[in-house]
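Visitor: I am new to this one. Please pick a single part and take me through it closely.

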Amino acid sequence: MQAAKILRGKHKVQYTPNIDCGDNVIIINAAKVKVTGRKLSQKVYLRYTGYPGGLREVYLDEMLKKKPTEVIMLAVRRMLPGGPLGRDLLKKLKVYGQDSHPHAAAKPVVLEVK
């Protein structure tokens, strides 16, 4: 995914692995994401509530109906490094389910995903 590469700064000449030199990323239309194969019925997101027996699982089709932005956010988060650098990089990611977003004044550059 190009979002993780741009957040990390790997597209720049002055890329350094231990420094945040990436750009901000805005992703729109997260609700219109398409997946191949049987991922809608087989991909599982697990989370633990903290209580005994509190392992909860949500399938991709349910997650896309309830929180479409969370699907993209989790995918990008898992491509970034863990720790303080990864958390700082994730703050520069904005995901919106529809076309509209409040960052139009910043004149973002549109990258087409193939």
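Visitor: What share of the 114 residues of the chain counts as buried? After that, show me the hairpin that E2 and E3 form.

Guide: Of the 114 residues, 25% count as buried. Buried means under 20% relative accessible area, exposed means over 50%, and partly exposed lies in between, with a 1.4 Å probe and protein chains only.

A word on the source. Residues are numbered from 1 along each chain as its sequence is written, and side-chain values use heavy atoms, without hydrogens and water. The model is predicted: local features need pLDDT of at least 70, side-chain atom pairs count only at pLDDT 80 or more, and totals for chains, interfaces and linings use all residues.

Next, the setting. The chain has five helices and four strands. These are DSSP runs numbered from the N terminus: helices are H or I with at least four residues, strands are E with at least two. Along the sequence the pattern reads α-β-α-β-β-α-α-α-β. The C-alpha atoms fill a box of roughly 45 × 30 × 30 Å along the principal axes.

Now the hairpin. Strand E2 covers residues 44-48 and strand E3 covers 55-59. The two run antiparallel, joined by five bridges. Strands pair if DSSP finds at least two bridges between them. Valine 44 has tyrosine 59 of E3 as its bridge partner. Six residues separate E2 from E3. In that turn, glycine 50 has a positive phi of about 105°.

Lysine 43 lies over the face of its ring, 5.2 Å from the ring centre. Such a charge counts if NZ of Lys or CZ of Arg is within 6 Å of the ring centre and within 35 degrees of the ring normal.

Most residues other than glycine have a negative phi. Asparagine 29 is not a glycine, yet its phi is positive, about 60°. Asparagine 29 sits in the loop between strand E1 (25-27) and helix H2 (39-42). Its relative accessibility is 23%, so asparagine 29 counts as partly exposed. Lysine 107 also has a positive phi, near 55°. Lysine 107 is in the segment after strand E4 (93-95). At 71% relative accessibility, lysine 107 counts as exposed.
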